[in-house]
Amino acid sequence: MSKIHVTTTVNGDEVEYLCDPRETLLDCLRDRVGLTGAKEGCGTGDCGACSVTLDGRLVCSCLVLGAEAEGKEVTTIEGMATGDTLHPLQRKFIEHAALQCGICTPGILIAAKALLEKNPDPTETEMRYWLAGNLCRCTGYDKIIRAVMDAAQEMREAS
Amino acid sequence: MALDSDTQKFKYIGTRPDRPDGLDKVTGRARFGADFSMPGMLHGAILRSPHAHAKILKIDATKALALRGVKAVVTRADFPTGLTGEDWNIQENVMAGEKALYDGHAVAAVAATSQLIARDALKLIEVEYEVLRHVTDVDKAMADDAPVIREGAADYSVPEGMHPNIVRYMESGRGDLEAGFAAADLVLEQSYKTEAAHQGYIEPHACVGQLGADGKGELWCCTQGHWFVRQMCTAVLGLEATQLRVTPSEIGGGFGGKTTVFIDPVALALSRKANRPVKIVMSRSEVLRASGPTSSASMDIKMGMTRDGKITAASGTFRMQGGAFPGAPVDVTTMLAFANYDIADVHHIGFDVMTNRPKQAAYRAPGAPMGAFAVESMLDELCRQLGLDPIDTRLKNAVKEGTRATFGPKFPPVGLIETLEAAKAHPQYNTPLGPNQGRGVASGYWMNWGGETSASVAIGEDGTVQVSIGTPDIGGSRASMALMAAEAFGVPYDNVRVNIADTGTLGINEPTHGSRATFASGLATVEAAKEAIGKLCKRAADKWGIDAEAVTWEDGFAKPSGPNAGEFPPLSIAEIAAEMGSTGGPISGHFESSPDGFGGSFGTHIVDLEVDPETGRSTILRYLVVQDAGKAIHPAYVEGQFQGGAVQGIGWALNEEYIYGADGRLQNPIFLDYRVPVASDLPMIDTIIVEVPNPGHPYGVRGVGETGITPPLPAVANAVRDAIGVRMTQLPLTPPRVLAAIKGRG
Amino acid sequence: MRYHTPSSFEDATAIAARATGTTRYLAGGTDVLVQLRSDVVTPDDLIDVKHIPGVKDITQTDDGGWRIGVAVAGAEMTEHGGLGRDWPGIVEGMDLIGSTQVQGRATLTGNLCNGSPAADGVPALIAANATVTVTGPDGARDVAVEAIPAGPGKTTLAQGEMVTAVNIPARGKNGGDAYLRFIPRTEMDIAVVGCAVNLTVEGEKITGARVVLGAVAPTIRAVEDAARAIIGTTLDDAALNALDAAAQAACAPIDDKRGTIEFRTEVAGVLAKRAAKIAYARARGEAK
């Protein structure tokens, strides 16, 4: 079976891989690029654990083909911190104990970051609906929402 | 075990530091089950039965093996024979033998050079089935005309003449039921049903296994308990226990569902055949079809109460199916159903029933939520019909220290009354309700567990502390262990490193289950620290030339215990550690036991919700969890357990269920239709931590993980009753069911 | 599976017309990839239409209508101010599909061509009398949206044909639309019932209406009796009751894992009333 050659940008770095046309972007990130921060929780776009941004747009990487990433810019959880400095959301998630097992955390962080870039001052309801596609089975969402609200406030005050 | 917490002021315990693994988990660096790879690794995939019940007549893998890149195919013929009991059950479950017993039952597996080739190869394996009659409902499975899942599966407890699908029977109780009911002013009888729910962990099962012809193997997997995995894999494959080393990855949720094996022995069997490591990752639909959801239940309850709210007698019959194998947790259901209350005359009957469903696995307080749904619903109805306050009535009947439990022994100190009082005092209990809104209250209990436990601590050359435990960190337990070690040694929290050790580096540990990790591994950590502290004191004593007994340990320093011991400047842990190579060698401490001082945890929940009278949909408005933690080591993660348990219970109460079609196939094997709560379904979940210290733990800890899922089922049902005026007796309370009840269609 | 990235509709349809096996067009991929991953459909030829110029555009036509490219994602429709001001029901129907992540990919055209009777994006299009441009070997033609679905998972498109644009008529004065669906949770579910209402008013009186129900029959259907029940009324209680009854009478649903026949039928009436009230308020300029 012939493979497709893809050149794309992941977290600012140029990346090349060969993929089967059936492979998803999630498969390619994990198995071809070696970035395992995005997780497969369902493979059907129902859990959000594989969330990344594609040209700045929040998507489930399990619902994008690896071949579709040609010429695009992909951002994953591995690109969220700046060097040693965690993004405020990452810091607040630790401070608020907004993760228990941590499997949904990369996807939720990516999704929450996309929200705050679009809307720096979301209401609790807006936040809950924006994150409705990110399942968390451990926390009941309470501390996640508090962490995002706190991070949003800090980011507003800093800007 | 002495309880120190009554007298002790804590320096670290009860604070909320950042978890030690926080950085890894917010940066994507933490390695979960599917994140492991090995050189030369193959990818495995499993062929699953599309039939609920079928004889396997023939499996022909010729075409699959001919596909380029396919390296091995295994069927049951590749597993040893002669196993008995639960070992056989697990072997039969991970790879079907003569029959496929449920939709999704594994019948063959393939290893290939890529995941896609492995999946393609599955389509080339030809299986000839003879489809048999099936049954998936517990009551139907007990009926005379039900198809027999397996002859001879019943144990000695089942009276003669019962259907072969009834595999365990139990009866327990005390007192005089007839007299008890006669003393009541109101006696109610009602049947209740709950549907099977899945743990719904977001991380599907994943493993990489390597097994050689020499019988030596290694396994990396996401599990709650790697010694359990070792025992099960070696039994299923006929290996010696210690020849398989199992290393746990970070684990993406388990809730009981990762205390057993589904794919691990298959990966090892494929590896043995292909002579290469094999990775298997389940898809979500495999998880839902073929891992271990909880039981469904059918229950009959009878309770009597006096006009002033005293429960006079209670009896219950509990029928539970646990899939195509024995093991439904009906023993726990019968044990805990009435355990909240002081009842003189009580009787339980339990049936463990087999159906054509996947082999059930533990799910958070396994067996407790079903019984709680039935009993706490009936208690609510008794209060309603007698015009009594549900919290006051519970207080009147609540168990306390010294009460003889409905399951036998006397309770040690427990906190049910404290949770009820705190719930009653919370403003939510008196918040006015609007139209179509209702309030529900329920209490719940989990007895917790100790279990086999090994831990060790070792002092680093700079005086920092390394803790090795065997219970995977599923919800922040590294932070709790580090806090307890910091407290015991008197060293800063950040100077403690907690490692989850593999099966090759510690003695046996039971899984992170039974709400035991913070209790049992915590206790072992503290006791191991005490042993190490004894050695640290000895080194100081030797240096000072005094008896070891004359040295005390305080805040990270060895000090002479009093003026009689002599005057020496205190020696810090770092100073002693720096010299340990020349003063007697490395310093460590170990502790092994099966601690039995686990104290149970009671909880009381209040839920306010609104039901749309035109669609039957319930919206949770407010939710309060009050629960006894004994002593909250890291309160944020205790609250997290309360909140997570409550929300799983809300899901089970409202929308989550296993839906089987007439063909016996699971209709909803994806998250789109297996509806776990999403963020927008919920309000904030308020919590109150009650602390009634557990005398069985040096710092008073009680496990807190499981109790939280027990009250929500009845609390939500009681709130819906309050809102719509109709008692719902079958879960989940889906909009079609609730609307039908509102419209009088029952 | 062969993956194609044609740069024109002609090339795309030519590939499809030549194909001998299973063909799928890939726009947002939120259905295609799910079917692929679960081995329900593995196309022999997958034709990614996103490299065709104009497919990501939302444009207002000279007559005041709207033309939506086949690869416009739901989020792009929601973010587009003008479209939502004219046709809030169409935009909210699309917006209800899946999560924020799915909204970043899923398209109106894909939702239509997936052929689901429960498609949230489609009822409001039918209520608006929208058409799609269908391009095939014989050129392009405009077809009413309601003529596309042919039953669960099926469309009336022939091999080699594809939808190349969605055309929404001009809103005109004094009009309003709305779409509501029922799901057990607040998000992430497939509609158990869906209902779109599009109407125009003169003063308080309804002068024209379309009522469309989803998930209560093998195809999404416009219910003329339901529209008649409110045309000429001020949407008073009698009209709403008549609407409720007409909507219920039009239901021919199934019992399945998502809902019962009784439930779907009753809730269709409930949603028709609720959606009509919203559309009415919008038409009268009383609500956004």
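**Chain B against chain A**

I began with this pair and found 42 residues of chain B in contact with 45 residues of chain A. The model is a predicted one, and I kept that in mind throughout. Next I asked which elements give two or more residues to the side of chain B that touches chain A. They are helix 1 (22-27) and helix 17 (635-654) of chain B. Helix 17 of chain B gives the most, with 7 residues. I then sorted that side of chain B by class and got 22 nonpolar, 13 polar and 7 charged residues.

**Chain C against chain B**

Here I found 17 residues of chain C in contact with 19 residues of chain B. On the chain C side, helix 11 (residues 261-283) gives the most, with 5 residues. By class, I noted 7 nonpolar, 4 polar and 6 charged residues on the side of chain C that touches chain B.

**A sheet in chain C**

I turned to an open sheet of 3 strands in chain C, with parallel pairing and the order 1-3-2. Which strands are at its edges? They are strand 1 (2-4) and strand 2 (23-26) of chain C, each of which pairs on one side only. From one strand to the next, I read an average twist of 20 degrees.

Strand 2 of chain C is joined by 4 bridges to strand 3 (residues 45-48) of chain C, and the two run parallel. I also looked up Leu26(C), which stands opposite Asp48(C) in strand 3 of chain C.

Last entry: helix 1 (residues 9-18) of chain C packs on the sheet and touches strand 1, strand 2 and strand 3 of chain C. The direction of helix 1 of chain C makes about 170 degrees with that of strand 3 of chain C.

How values were computed
Residues numbered from 1 in each chain as written. Chains lettered and ligands numbered in written order. Predicted model: local features only at pLDDT ≥ 70, side-chain atom pairs only at ≥ 80, totals over all residues. Contact = placed C-beta atoms within 7 Å. Nonpolar A, V, L, I, M, F, W, Y, C, P; charged D, E, K, R; others polar. Pairing = 2+ DSSP bridges. Axes fitted to C-alpha atoms, helices over the stretch in contact; angles between N-to-C directions.
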